[in-house]
Amino acid sequence: MTTSTTSNIPPLAPGLPFVGSILALAQDAQDFFYTQYRQLGNAFRVRALGREFKVLAGPEINIAMATQPDAFTAWDIWEPVVRDFGGRRTLTMVDGPEHARMRRLLRQSFSREALVTHIPMVTDVVVESLRRYTVGARIPGVYFMQRMTADVLGLLSNGRVPGDQFDDIVLWWNTMMEVFISRSKPVSKISQPAYRQARARVKEFATTVFTDRQANRPVAAEDNFLDNLADTSQQDPEFLNHDEALFLTLVAYFAGLDTVANVSSFMLYELLKHPDILARVRAEADQAFAQGTPAADSLRAMPTLHATALETLRLYPIAGVLPRITARDFEFAGYVIPKGEHFMVANAAPHFAPQFYADPYRFDITRYSEPRLEHKKRGVFAPFGSGPHTCLGAGLAEVQIMLVIATLLHHAELALDPANYRLKKAYLPSMTPKGFGFSITAWRS
Ligand code: HEM
């Protein structure tokens, strides 16, 4: 769908005078971008309340992110977030060798292997979380997934559950996202006492995690991100100062919490709506749990569960639009986007284009098997972004989601609550299934 034009102005998405496309954006901004991609092509303009910005979409932009990373930066986008915490820079805003160095500090701790070596911990957290509810009681789906995800990621990365700090972390991070990333809330929000108190408590929590780890640091050398952050901030504070190290201490929460929790919620919702797929996933889960806790290998032998996870990531791209700024003049789809322009990359737009995914709004796990393999074309499947900033936790997240769902289905019979729940997507600020709930109808083990 590459569009080429002699004019240097991409087409304008439909909208009303002055307010522009604000109504469509307010309803479902991401879906609006995906629809415009199908109708207008790889580059288009969107107007909202007198502001105008460009959206770049299609496999071509995902490929460009990977092949021309020097054309993009997110420095100015993330700088106020890290400055508010007391730092100057963080992983998402640096590029080139500096980015590669910072990413290396975290890589091992957020790899697939890091989670696979803690499978019993994950299944324990899931079962304990579920056992807090009785048969028939309504479980608030997203909140349940959030608490559970925070506990798993907290134990994995910081060696502790966030406990009382959970609400502070959520308030701190959501405020940052709404004020500086989606810009849906005014900057005055960060002067409010409730926010300032939450941020202070989050920082105190990070300091405790950081100092406790150094006080009890294992003698045997291991590639642990907290140790890497401590060593680097001590040896090279110009590169990473203490506050920047503290900020990254919380990375699993702010990068993984909403993303994993919301995808897990959407996935459970889809399974409860598709009893045939659920039965197959449950059979795979029972097989994996047959010898007790699933072994790392058994996760690879769960094709239906894996295809369900992929289809959920395609249909519900939590981070399906990413803000960027051109770091140089950038030619794309016949247009030149001048250096310094803010724009949006609709990385998940191809997920909804029928030329790549047949009947794209249909939940269909067969698209991932031979001979279809619809996701295998370059640039068409990008729930984790593309290029050097591709999600560092992608492998970990995929295994975590699969393991959580397998554990839930192995231990209990579940049903939507209410049974006639109709999916409603909302951005709070991440995309989430609003009002989704479920209940246990019977224990299985
Ligand atoms: C389903 C779950 C997840 C989704 C859909 C997701 C999605 C993404 C996306 C789209 C990006 C790219 C952002 C950009 O280019 O601007 C990203 C970056 C990142 N993600 Fe994830 N993520 C998930 C889970 C996680 C988890 C569990 C962790 C860690 C525990 C994590 C850590 C990171 C980090 C550190 C980055 C920044 C990478 C960089 O700038 O080099 N993510 N994620």
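A polar contact here is a pair of N or O atoms within 3.5 Å; within protein, one must be able to donate a hydrogen and the other to accept it, and residues adjacent in sequence count only if both atoms are side-chain atoms. With that in hand, start at the ligand: an oxygen atom of the ligand sits 2.8 Å from an N or O atom in the side chain of Arg103. Keep in mind that this is a predicted model, where local features need pLDDT of at least 70, side-chain atom pairs count only at pLDDT 80 or more, and totals for chains, interfaces and linings use all residues. Residues are numbered from 1 along each chain as its sequence is written, and side-chain values use heavy atoms, with hydrogens and water left out.

**Around the ligand**

- There are 27 residues around the ligand (a heavy atom within 4 Å), and those that come nearest are His99, Arg103, Arg324, His389 and Cys391.

**The iron atom**

- Cys391 (SG), at 2.3 Å, is the only protein donor of the ligand's iron atom; donors are N, O and S atoms within 2.8 Å of the metal (3.2 Å for Na, K and Ca), and water is not among the atoms, so sites may look incomplete.
- You'll find Cys391 in the loop between β8 (342-346) and α16.

**Nonpolar cores**

- A nonpolar core is a set of buried (under 20% relative accessible area, 1.4 Å probe, protein chains only) Ala, Val, Leu, Ile, Met, Phe, Trp, Tyr and Cys residues joined through side-chain atoms within 4.5 Å.
- The largest one has 133 residues, and Phe33, Trp172 and Leu268 touch the most other members.
- α12 is the top contributor to this core as well, with 14 residues.
- Leaving aside neighbours within four places in sequence, Phe33 is in contact (heavy atoms within 4.5 Å) with Leu25, Phe44, Val46, Phe53, Val55 and Val321.
- Another core, of 14 residues, lies apart from the largest one and includes Ala43, Ile61, Phe72 and Val345.

**Arg367**

- Arg367 is also in the loop between β8 and α16, and Arg367 is buried, with a relative accessible area of 0%.
- Not counting residues up to four places away in sequence, Arg367 touches several residues, including Glu311, Arg314, Tyr357 and His375.

Technical notes. Buried < 20%, exposed > 50% of the residue type's maximum accessible area, 1.4 Å probe, protein only. Helix = DSSP H or I, 4+ residues; strand = E, 2+ residues; numbered from the N terminus.
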